[in-house]
Amino acid sequence: MTGISNVSRKRVWFITGCATNSLGWYIALSALSRGDYVIVTSRNPSKNIAAPLSTHPNATLLALDVFWPESRISETVAAAIAAHGHIDILVNSAGGALAGPIEETSTEQMKDHYHLNVFSPIIISKLALPHMRSRRSGTIIMLGSIAAWGDHNSSGWGLYCSTKSALIAVSKTLREEVAPFGIAVTVVEPGYFRTEVLNSSRGMAIADYKGQIEDYAEMNKGLWEMVETTNGKQAGDPKKGGEKMVQAILMEEPDFARWRKDGLPERWGLGDDAAPHIEERLNYEMTTLARWKGLTGDVSF
């Protein structure tokens, strides 16, 4: 088994994207409730991280903007390691959503979105890996989304969904590469949680050219009606979600102890809407495969 053992000593967590009311914020609070140490980061900790997290004696607040040069991010990771001498669990929680038709999204905005949701967690993980390899121990958590499984109606969310799909692919490979060193990698895929991810002033970006192409007017109308009716009414409680994540990562009794033998899975859904969505998509893919299976063969030498 790789990853973190469920031992009594104080563990050290390093969590990105810990703005108030985010999943990262609640993951940090849940870890602190177990007596662990947590290095919590955001772009502007004094502004974005509220009490009780900001005032907890076991919490160390560090500034980290994932768009900084890698050399500066490296300094933050080094400071996190120095705080308690090691890092047991890295949670790549920083991320965001991007809404709008693909054609109305600028190339620069697409690149920024991929940096935020794909490249930055890879970069931070790479910076933490030499330390974890030297200790032959560690757990890396990637925050994905059930959006990676696709949807029958994903219009306006294609770029966001694609970043979460890309994160799955690279994380699965990273998991294989670092397992021999006692390091676990897993992707948690939340469903709809009542965070700020759909708030355009906090967690969501809007296509640069939104509304400039008349042919997409009806699509945009439906997209923004969905955002307005969903934001603030998501069924998922981020506090419960953060607690469930920590319970699973630590493989605590009674629900998760059975994972201790094999370790954390490659990916797992989080939220009451996660399993039904994943099952629906798997059934759809199997039905599609059966229908078109005849196209797949008779092409070998």
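Modeller: Helix H7 (238–249), strand E9 (267–270) and helix H8 (274–292) each give at least two residues to the lining of the second largest pocket. Keep in mind that this is a predicted model.

Colleague: Okay, what volume does the second largest pocket have, and which residues lie nearest its centre?

Modeller: Its volume is about 430 Å³. The lining has 23 residues, with Phe193, Lys244, Leu270, Gly271 and Asp272 nearest the centre. By class, that lining has ten nonpolar, six polar and seven charged residues.

Colleague: Now the helices. How is a packed pair described?

Modeller: Two packed helices are described by the angle between their axes and the distance between those axes. Take H4 (residues 107–135) and H5 (residues 158–178): their axes come within 9 Å and cross at roughly 20°. Angles under 35 degrees count as roughly parallel, so H4 is roughly parallel to H5. Their crossing is right-handed.

Colleague: Which residues of H4 and H5 meet?

Modeller: On the H4 side they include Met110, Tyr114, Val118 and Leu129, and on the H5 side Leu159, Leu167, Val170 and Val178 are among them. The contact of H4 with H5 has 13 nonpolar, five polar and one charged residues.

Colleague: And how do H1 and H7 cross?

Modeller: The axes of H1 (residues 23–32) and H7 come within 8 Å and cross at roughly 55°. H1 and H7 are therefore oblique to each other, and their crossing is right-handed. Leu23, Tyr26, Ile27, Ser30 and Ala31 in H1 meet H7 residues including Pro238, Gly242 and Met245.

Definitions and conventions:
Residues are numbered from 1 along each chain as its sequence is written. This is a predicted model: local features need pLDDT of at least 70, side-chain atom pairs count only at pLDDT 80 or more; totals for chains, interfaces and linings use all residues. Side-chain values use heavy atoms; hydrogens and water are left out. On a 1 Å grid over the protein atoms alone, a cavity is a set of points where a 1.4 Å probe fits but cannot get out, and a pocket is an open set with protein on both sides within 12 Å along at least five of seven lines; lining residues have an atom within 4 Å of a point. Grid points are joined across faces, edges and corners, and a volume is the space filled by probe spheres set on the points. Helices (H or I, at least four residues) and strands (E, at least two) are DSSP runs, numbered from the N terminus. Ala, Val, Leu, Ile, Met, Phe, Trp, Tyr, Cys and Pro count as nonpolar, Asp, Glu, Lys and Arg as charged, and the others, Gly among them, as polar. Axes are lines fitted to C-alpha atoms, for helices over the stretch in contact, and angles run from 0 to 180 degrees between N-to-C directions. Angles under 35 degrees count as roughly parallel, over 145 as roughly antiparallel, 65 to 115 as roughly perpendicular and the rest as oblique. A crossing is left-handed if the near helix is turned anticlockwise from the far one by less than a right angle, and right-handed if clockwise. Contact means heavy atoms within 4.5 Å.
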